[in-house]
Amino acid sequence: MSKKDKANDIEKEQVDAVQNETVEVEEQIVEEQTVEEKLQGELKQEKDKFLRLFAEFENYKRRTSKERIELFSTASEDVMKTLLPVLDDFERALSHIDEDKEAEALRKGVLLIYNKLVSTLEQKGLKVVAVAKGDPFNADNHEAITQIPAPTDDLKGKIIDVVEKGYKLGEKVIRFPKVVIGQ
């Protein structure tokens, strides 16, 4: 072999060695990038899980606080429902006492107690559902007791008489007004 051939062979070996080294370095870089990419992918997944969990927890807190507020506002619902017949009895007593002119002192006493009871219940959130004769009947807001022939044509399908008042506790209706409607 001549010196040129030996030099060419050595050169080829060096070029091959350099190429092999660059291929190995590139493979290491590719492997490092894939490991880095894998870690970044896992990081994104964990961040996504965390954000979803955090949002779910925030929704849970909001929902439970809303339920707690509703519970406090309607906690006295059972007591209010049991006192409604007492209010009805007071109203009936006042209407009958008004007819008796001799019982003026009794009427004043009953009216005083009735007003005190009503104001106390109003402070606790009880409100009267406003219903008047001649209002249109709505099955969502009224409870029809009976239907009678309407005295005039314009009262057909409308409220003719209110038998019992309706009441709300906060925004929740605890007793619908009982009405008579015209046919």
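**A chat about the model**

Guide: Phe90 is buried, at a relative accessible area of 18%. Buried means under 20% relative accessible area, exposed over 50%, and partly exposed in between, with a 1.4 Å probe and protein chains only. Keep in mind that this is a predicted model, where local features need pLDDT of at least 70, side-chain atom pairs count only at pLDDT 80 or more, and totals for chains, interfaces and linings use all residues. Residues are numbered from 1 along each chain as its sequence is written, and side-chain values use heavy atoms, with hydrogens and water left out.

Visitor: OK. How many aromatic pairs are there in the whole structure?
Guide: A search finds 3 of them. One is formed by Phe90 and Tyr114, and it is tilted, with 6.0 Å centre to centre and 50° between the planes. Rings of Phe, Tyr and Trp (its six-membered ring) pair if their centres lie within 6.5 Å; planes under 30 degrees apart count as stacked, over 60 as edge-to-face and the rest as tilted.

Visitor: Which parts does that pair tie together?
Guide: Phe90 sits in helix H2 (residues 77-99) and Tyr114 in helix H3 (residues 104-123), so the pair links parts that are 24 residues apart in sequence. Helices (H or I, at least four residues) and strands (E, at least two) are DSSP runs, numbered from the N terminus.

Visitor: And Tyr114, buried or exposed?
Guide: Tyr114 is buried, with a relative accessible area of 12%.

Visitor: New topic: what about Phe50, buried or exposed?
Guide: Phe50 is exposed, with a relative accessible area of 53%. That residue lies in helix H1 (residues 3-74).

Visitor: Now the sheet. What's the strand order?
Guide: The order is E2-E6-E3, in an open sheet of 3 strands with mixed pairing. Two strands pair if DSSP finds at least two bridges between them. Strand E2 (143-148) and strand E3 (159-164) are the edges, each pairing on one side only.

Visitor: In which sense do E3 and E6 pair?
Guide: Antiparallel, over 4 bridges, with strand E6 covering residues 178-182. Ile159 stands opposite Ile181 in E6.

Visitor: Last one: where is Lys127 found?
Guide: Lys127 is in strand E1 (residues 126-129), and Lys127 is partly exposed, with a relative accessible area of 43%. Lys127 and Val173 are 46 residues apart in sequence, and 9.2 Å apart in space, C-alpha to C-alpha.
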